[in-house]
Amino acid sequence: MKLVKSKKIFSRLKKSLPGGVNSPVRAFNSVDSFPLIIKSGKGSVIIDEDDNSYIDFVGSWGPLILGHANPNVISKIIDTIRNGTSFGNSTKLEAELAEMVIKAFPSIDLIRFVNSGTEATMSAIRLARAYTNKKIIIKFEGCYHGHGDSFLSKSGSGIAELDESISRGVSNLVISETITLPYNDINSVETIFNLNKNDIAAIIVEPIAGNMGVILPENNFLENLRMITEKYNSLLIFDEVISGFRVDYGGAQTLYNVNPDITCLGKIIGGGLPVGAYGGKYEIMKMVAPLGQVYQAGTLSGNPVAMSAGIATLKILKSGHIYTELEKKGAYLEKTIVQEFIKKKIKIKFSRSGSMFGIFFSSIKIKNWSDVQLSDINFYKMFHSKMLEHGIYLPPSPYESFFISVSHSQKDLDRFVDVIKKL
Ligand code: KE4
């Protein structure tokens, strides 16, 4: 595919933006490739500046469960934007979207809208520390909760060792209050609680991990996290920024029937515009300013245009049999991809929940970050580039989720498998 205009635009971008991007993964460094410079999207297809078209299995990293430029979402945005873009005051649209989310998530009595998943998770741990009067946060290797300082760490060499920062500019003091453990390893959680009995404010977890490929919770992992946090009066925070309204209209907590104390949301609830949210029981959320003493604010939080995109999106998701359709598409793609790789004698592990899935080039069972590290990352780079050459856009990193949208046709799914045949 020709990339003449894209190359010119990327050189221009690099003059003004660090690495030429506004988010690192878009630079395609993880797949040693040239980044896409996109000019439009419609349904399951995106088109770059050189008019190359791609069937998109990234969907802007999750928000576009309805596909690009969904007509209902666009018309709702246009109707709203005609009345202005932002007032710095409340609007009824915030009530409408909040009520829809609260109805979908029984664990939420009150919710606060912010502008990103990062703001949601940062605020959630601040609230958890205030509510419990404790300071330590437990998270899991390979889970990503945005770029808040507390989350930019990895576990020390030993389980009980202090975390190490993974980013310059993050103070060791902040990192010393985060402990990172292996996903799906409940024993390590019990060990840490025994060592820090009354000092753990919360556990934050992606109930379905979507930032190390896709890894599902195993052996009642979520139920056990719920029991341990109750036993030690700590909070359980579900980071459902990806899984919320993706794997079920009520998120992973509905699928697995485990109620967290605080839920973080993003992506789909903004319908492609910047929206994040955190919410939970009244008892906890009443601490958030101005009702309570936990300060959090935002100029464009609850922005009416973004609210309208979220409302339009959830209205469609709530109607009809969207999740049944998405499950059928996911199951079909899983079956046909697995079959094709078996024919080619290429070992893969396929992991899926509804319309989010991951492919590991590995012959071992993948249950956590260490297992992911043993998969063939170089093969993924070749796979990504081959698929892109043939018009299939996959995440430009082996550590992300693939997404199917309502707008992906049977032909799109079969095209995916046809290109695998050419590997
Ligand atoms: P944002 O601040 O990017 O809106 O959300 C942070 C976040 C929080 N929690 C989870 C589970 C997330 O997946 C994310 C962000 N996801 C990444 C991709 N998996 C965003 C892509 C990017 O960083 O450009």
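**Basis.** I worked on a predicted model, in which local features need pLDDT of at least 70, side-chain atom pairs count only at pLDDT 80 or more, and totals for chains, interfaces and linings use all residues. Residues are numbered from 1 along each chain as its sequence is written, and side-chain values use heavy atoms, with hydrogens and water left out.

**Ligand shell.** I listed the 16 residues around the ligand, taking a residue as near if one of its heavy atoms lies within 4 Å. Ser 23, Thr 118, Asn 211, Asp 239 and Glu 400 come nearest. I sorted the shell into five nonpolar, seven polar and four charged residues; Gly counts as polar, and Asp, Glu, Lys and Arg as charged. Domain 1 (4–57 + 320–421) and domain 2 (71–317) both contribute to the shell, so the ligand lies between them. The domain bounds come from an automatic or database assignment.

**Polar contacts.** I looked for pairs of N or O atoms within 3.5 Å. A ligand nitrogen atom is 2.6 Å from a side-chain N or O atom of Asn 211, and a ligand nitrogen atom is 3.0 Å from one of Lys 267. The protein buries 85% of the 540 Å² that the ligand exposes when taken alone (Shrake-Rupley method, 1.4 Å probe).

**Strand S5.** I found five of the five residues of S5 (residues 136–140) buried, so the strand is largely enclosed by the rest of the structure; buried means under 20% relative accessible area (1.4 Å probe, protein chains only). Ile 136, Ile 138 and Phe 140 point one way, Ile 137 and Lys 139 the other.

Note on methods
A polar contact is a pair of N or O atoms within 3.5 Å; within protein, one must be able to donate a hydrogen and the other to accept it, and residues adjacent in sequence count only if both atoms are side-chain atoms. Buried means under 20% relative accessible area, exposed over 50%, partly exposed in between (1.4 Å probe, protein chains only). Helices (H or I, at least four residues) and strands (E, at least two) are DSSP runs, numbered from the N terminus.
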